[in-house]
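Trainee: I would like a close look at a single part of this protein. Please take me through it step by step.

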Amino acid sequence: MIIDAPREESCSSTVTEESRVYYQTEIFDQLPSSLARRTHHHQDRGTTETSHPVEMHPGQAGGARDRAPTQPIRSLPVCMQGKREARDLRHLQTRTIGRWESWKRNQSIIRKRLWEQVGEAMSRLLPWSSILHTIEGRFGVGVKAYFVFLRYLVYLNLLQCLVIGGTILTPTAVYDSDGDRGLLRFEGNDSVLDFFLGSGFLERSPVFYGFYARGSLDLQCLNTPLLFLLGTLTVLILSLVMVVRRTVVGYKHTWLLGNGYNIQMSYKVFCGWDFCIQDPEAAALKLSFIRNELKLDLEEERFQQREARRTLGQWARLYFLRGLLHFLVLVLLGGAFCLIYYATMASQAERSGDYLIIRVLLHYLPPIVITLVNFFLPHVFRHIASFEDYSLTTQVNATIVRSIFLKLASLGMYLFFLFKNSQQECWENQFGKEMYKLSVFDFLACFCNTFFIAYPRKWLVERYPSSWLARLSGKQRFLIPFNVLDLVYSQTVTWVGLFYCPLLPYIGIVKLVAIFYIKKLTVLQCCVPAQRMFRASSSSVLFHFMLLLGLIMAAITLGSNLQQFPPSSSCGPFVGSATVFNVTDVCVDSLPGLAQSTLRYLSSEAFILPLILAQIVVLTSLESRRRANGKAVERLKDMLVMCTSDKHFLLKQHTLSLRRQKKTFKASTTVSGTREGSHIAQLKDPSAQLTGDDSPS
């Protein structure tokens with residue numbers, strides 16, 4: 001009787017092995033994804049379930065899916081058996097396709113792996129990576145997005161410096177007809193203030209437009225004026241390509257993500273931790289980063305719930321309040337433009353007999369007014385946006401839009417008033433000096449704000465926290481919109497003054513690197529993490545879009561100036577030309593007849609119609625691709641939802657199976673225990689067994 005129980009278990013095990021294939025087929029047919037496909041199949045075909053077979057679930061076929069043939073087998077996220085099957089599948093594919101195809105596939109795999117390794121190595125060589133990681137862990141991705149944007153501007157200015165050096169500086173240094181003048185010429189009346197005013201020795205240096213002359217390079221299609229114009233246009237075109245590409249890529253990433261906060265929440269909770277971290281400091285940074293991300297998601301969800309509970313009357317009052325606040329913003333912008341106008345008029349007025357410090361202040365009066373307006377009004381816009389009851393990300397974006405309009409419009413008004421009242425002979429140098437002063441004063445404002453406002457404020461809050469001034473100022477937080485707008489404004493000034501001050505990109509690189517370390521000290525030493533986080537993905541797209549607006553404004557301003565105002569007859573490489581673009585006409589006239597006809601046709605109005613038709617065709621194809629990609633993204637989202645449903649279903653079935661096995665095990669244990677107990681009792685009392693056997697039937 002003791003041997004009967006194992007025999008029964010062996011029998012049940014055999015039955016289980018035989019029914020496993022049928023059970024797997026049945027369980028996959030019961031999955032929510034299979035049911036949804038079957039329902040969709042019936043709706044499309046209008047037939048019964050028996051007349052059309054149901055598509056097999058991907059997991060039903062079994063075996064390893066080698067979905068990444070370029071990925072090493074040891075790095076595949078599967079078990080050891082799956083890796084063996086993936087290896088056998090690759091060997092089988094190699095034997096079936098032939099030697100030539102196998103060799104080409106191996107070479108393609110090697111090239112892809114090599115490029116991946118090169119990309120990983122280049123990503124490790126990016127500057128300031130550890131600093132950005134520290135900032136991200138302590139202050140969130142929003143503050144990190146600012147420093148990433150600043151690093152991107154450094155790369156952009158570096159590219160501009162290469163173009164300017166190859167097209168303007170190198171030809172001037174090699175083919176300079178007046179080699180005795182030198183790069184820097186100091187005279188008796190030069191002083192240190194010339195460095196801040198752009199006058200004196202700087203005015204006679206390669207920094208400004210007036211230094212460059214036609215030189216000995218005087219061919220019809222290769223001369224200094226043509227290279228000067230070509231370098232400026234190349235910088236603007238390359239900047240346009242890079243900024244548009246960065247904006248489109250960021251927008252596509254944001255559009256693909258959408259508002260699926262629930263998926264991100266589950267991912268951050270269950271898969272957000274990196275178990276390879278061994279450094280306690282790195283673990284603390286990662287923990288802080290996950291905490292900040294969860295705070296952001298909860299803030300977004302809380303605002304959506306509050307917005308869904310608003311009534312019609314609350315919406316009406318809210319829209320009325322927003323209209324009043326928009327009108328207040330327009331009034332503030334009008335007042336700022338009036339201040340800039342009067343400051344420009346005062347700086348252009350002729351004054352004699354004033355002290356040196358007063359003359360310096362008058363020269364810097366427009367930059368001072370523009371900087372003060374750009375410093376105070378964005379804070380007013382931020383408080384106005386807080387009363388409009390938007391989400392935090394929308395508040396940040398609204399403040400950015402208003403502030404960038406203020407900065408670009410104030411710069412445009414200043415340039416308009418400056419050109420309107422410019423009456424000097426070498427007006428290009430005068431305009432370049434104004435752009436130089438704007439760039440220098442912008443850096444001085446950043447430096448003074450950090451070391452004369454931020455650090456004393458931190459010292460006051462830490463040393464005297466109970467004083468009324470410390471309570472009024474509060475702890476300092478890094479305001480991302482305003483700092484980003486300062487970068488956009490600085491880069492716009494560089495683009496506007498590029499033609500009149502060719503060394504502005506070089507000055508911009510030095511300024512941006514210094515600003516990076518100044519802002520790093522400000523963030524890590526003087527600021528505390530914000531209590532409310534904002535999502536950096538959409539705001540990063542807005543950062544680059546504002547930069548694109550600044551580039552468009554700079555191109556329009558520069559193009560209108562070059563077309564409207566003739567070059568000076570006393571300085572610059574375009575002396576003697578009616579317009580700057582006359583050098584291109586001279587080059588075109590020297591070309592063969594076919595090349596002339598082609599270039600003149602491309603620059604005429606007749607080329608506009610086929611160009612518009614080609615653009616319509618390209619846009620139509622791109623729109624078709626966008627719709628197809630949108631449908632594909634929706635299908636992928638539905639597949640993710642169905643995968644989640646399948647996991648819930650399989651988890652439920654697994655739980656039920658474990659419960660059945662537990663009950664079966666308990667029952668079998670109880671039966672076997674009863675049989676063993678009775679047999680042991682009979683062995684202990686053989687007389688009872690004999691009595692039972694000898695008893696009459």
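How does the span between the end C-alpha atoms of helix 15 agree with what its 37 residues should give?

Mentor: Keep in mind that this is a predicted model. Start with the length. At 1.5 Å a residue, the 37 residues of helix 15 should span 54 Å. The end C-alpha atoms of helix 15 are 52 Å apart, which agrees.

Helix 15 runs over 427-463 and helix 13 over 365-387; each supplies at least two residues of a nonpolar patch. Helix 15 gives the largest share, four residues.

Why can residues a few places apart in a helix share a side? An α-helix has 3.6 residues a turn, so residues three or four places apart point the same way.

Leu 372 sits in helix 13. Its relative accessibility is 44%, so Leu 372 counts as partly exposed.

Finally, the record. An unreviewed UniProt entry lists several spans as "transmembrane region", including 356-377 and 324-344. In the model, residues 324-344 are 100% helix and 0% strand, with end C-alpha atoms 31 Å apart. The entry also lists 601-622. That span is 77% helix and 0% strand, and its end C-alpha atoms lie 28 Å apart.

Technical notes. Residues are numbered from 1 along each chain as its sequence is written. This is a predicted model: local features need pLDDT of at least 70, side-chain atom pairs count only at pLDDT 80 or more; totals for chains, interfaces and linings use all residues. Side-chain values use heavy atoms; hydrogens and water are left out. Buried means under 20% relative accessible area, exposed over 50%, partly exposed in between (1.4 Å probe, protein chains only). UniProt positions are given in the numbering used here, feature names are shortened, and annotations may be inferred rather than shown by experiment. The expected span of a helix is 1.5 Å times one less than its number of residues.
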